[in-house]
Each structure stands twice: as C-alpha cells, then as structure tokens.
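Here's a quick briefing to read with the model open beside you.

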Amino acid sequence: MGNSKMNARERIDYLFDDHSFVEVGGYVSARNTDYNLGAKKVEGDGVITGYGVINDRMVYVYSQDASALGGSVGEMHAKKIASLYDLAMKTGAPVIGMLDCAGLRLQEATDALHAFGTIPQISAVFGMCGGGSAVMSAMSDFTLMEKENGSLFINSPNALAGNEESRQNTAGAQFQSEQAGNVDFVCETE
C-alpha cells in the first residue's frame with residue numbers, strides 16, 4: 001500500500017471480498033441550494049454507503065469521499081449513514097465508518113447535525129477528521145487511525161496557543177492514541 005492515500009472507493013474495494021460490495025444511495029445528492037451549494041452538487045453527497053462480505057461475514061460500510069465537498073457531512077450525507085444503520089440493525093451486521101472529512105457542512109447547519117444521532121461501531125481515520133466528524137470517531141466502540149495521514153481534531157491544531165507540529169502534533173495518531181485516548185489502534189498503512 002505504501003504511504004499513498006487511497007480514495008473512498010479504493011478503501012471499500014480493499015476491505016471487502018472481491019465483487020461483494022453493493023452500493024446503496026449512490027445517486028443521492030445534496031438537497032440544499034443555499035449559500036451557492038447548488039453549483040457544487042455531487043452524486044453521493046460526499047459518502048459512499050453500502051454492504052458486502054468480509055471473510056464470509058456481512059458488513060455495512062460508509063466511506064467518506066474527501067474529493068466531494070471535502071467529504072463534509074451535510075443533511076443527505078447524514079441520512080445515507082442513518083439509513084445504513086437502519087439496514088444493519090435489521091440484519092444484526094456491524095457497520096464500519098471510514099472517516100476522511102472536513103467536518104460538518106456549516107451551510108446546512110442543523111440539518112447536517114442529524115448525522116450525529118448515529119453512532120458508528122468501528123471507525124477508521126484515514127485522513128482529516130475535523131470538527132463535528134471527530135465526535136463521530138469519539139463515539140465509536142473502536143477507532144483505528146492511520147499513522148501518517150490520519151488527523152483527528154475538534155479545532156484546528158494551529159488554533160491552540162503554542163501548539164506546533166514539530167513539538168507536539170495534537171491531531172496526530174501518536175497524541176490521539178497515547179495521550180488523549182481517542183484512538184484504540186494506530187496502523188502503519190490503511
């Protein structure tokens with residue numbers, strides 16, 4: 001795998017058994033047209049959701065797409081994740097959240113906050129996981145974080161007085177696992 005960052009779909013392909021993933025809600029897009037978001041409408045609304053098989057076991061997954069509006073959580077993004085949990089509850093299958101997101105889409109305000117009513121069982125932080133998305137990770141039963149590219153924070157680390165990456169990267173995997181206790185497992189690669 002190396003240190004190159006995979007995209008949302010590549011992560012899913014890598015995780016699931018060959019040809020077993022079934023996407024749900026691929027054509028869902030943001031409903032909001034305020035604040036010029038209409039011009040930035042993307043199918044999927046920044047998250048790929050679905051189910052498939054891992055080692056002969058049914059698993060549901062959502063993988064945030066940082067290339068679509070920064071992977072930010074908006075109303076429809078949240079509803080796709082919530083719907084996925086509804087499906088998983090019916091079958092008793094686990095849900096894996098793959099987080100790579102700029103946080104809550106502020107333009108959609110309280111509609112986007114709806115996402116935080118859904119609690120992932122397992123989260124994996126592959127890239128930036130900031131703002132409200134860090135709360136999704138913190139509510140997980142288990143959080144894994146990629147050592148080099150993972151970044152977990154509520155406020156941007158450079159907003160903290162005296163914090164600089166060379167001294168202590170408070171958003172990095174080492175700090176989040178060893179000092180903050182927000183990350184259960186640090187992984188060398190995705």
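**Aromatic pairs**

The structure holds three aromatic pairs, where rings of Phe, Tyr and Trp (its six-membered ring) pair if their centres lie within 6.5 Å. Keep in mind that this is a predicted model: local features need pLDDT of at least 70, side-chain atom pairs count only at pLDDT 80 or more, and totals for chains, interfaces and linings use all residues. Residues are numbered from 1 along each chain as its sequence is written, and side-chain values use heavy atoms, with hydrogens and water left out.

- One of the pairs is Phe16 with Phe21: ring centres 5.5 Å apart and planes at 45 degrees, so it's tilted (planes under 30 degrees apart count as stacked, over 60 as edge-to-face and the rest as tilted).
- Phe16 is buried, at 5% relative accessible area (buried means under 20%, exposed over 50%, partly exposed in between, with a 1.4 Å probe and protein chains only).
- Tyr51 and Tyr60 also make a tilted pair, with centres 5.5 Å apart and planes at 45 degrees.
- Within that pair, Tyr51 is partly exposed at 26%, while Tyr60 is buried at 5%.

**Val24 in its loop**

- Val24 sits in the loop between strand 1 (22-23) and strand 2 (47-54); helices (H or I, at least four residues) and strands (E, at least two) are DSSP runs, numbered from the N terminus.
- With 29% relative accessibility, Val24 counts as partly exposed.
- Leaving aside neighbours within four places in sequence, Val24 is in contact with Thr49, Gly50, Tyr51, Lys80 and Leu87 (contact means heavy atoms within 4.5 Å).
- Lys80 is 56 residues from Val24 along the chain, yet their C-alpha atoms are separated by 8.2 Å.

**Nonpolar cores**

- The largest nonpolar core has 21 residues, and Tyr60 is among those with the most contacts inside it, along with Tyr62, Ile81, Val95, Val125, Met145 and Leu152 (a core is a set of buried Ala, Val, Leu, Ile, Met, Phe, Trp, Tyr and Cys residues joined through side-chain atoms within 4.5 Å).
- Helix 2 gives this core its largest share, five residues.
- A second, separate core of 12 residues includes Ile54, Val61, Met98 and Ala124.

**Second largest pocket**

- About 250 Å³ of space lies in the second largest pocket. On a 1 Å grid over the protein atoms alone, a pocket is an open set of points where a 1.4 Å probe fits, with protein on both sides within 12 Å along at least five of seven lines; lining residues have an atom within 4 Å of a point. Grid points are joined across faces, edges and corners, and the volume is the space filled by probe spheres set on them.
- It has 16 lining residues, and the closest to its centre are Leu15, Met98, Ala124, Phe126 and Glu190.
- Strand 5 supplies the largest share of the lining, four residues.
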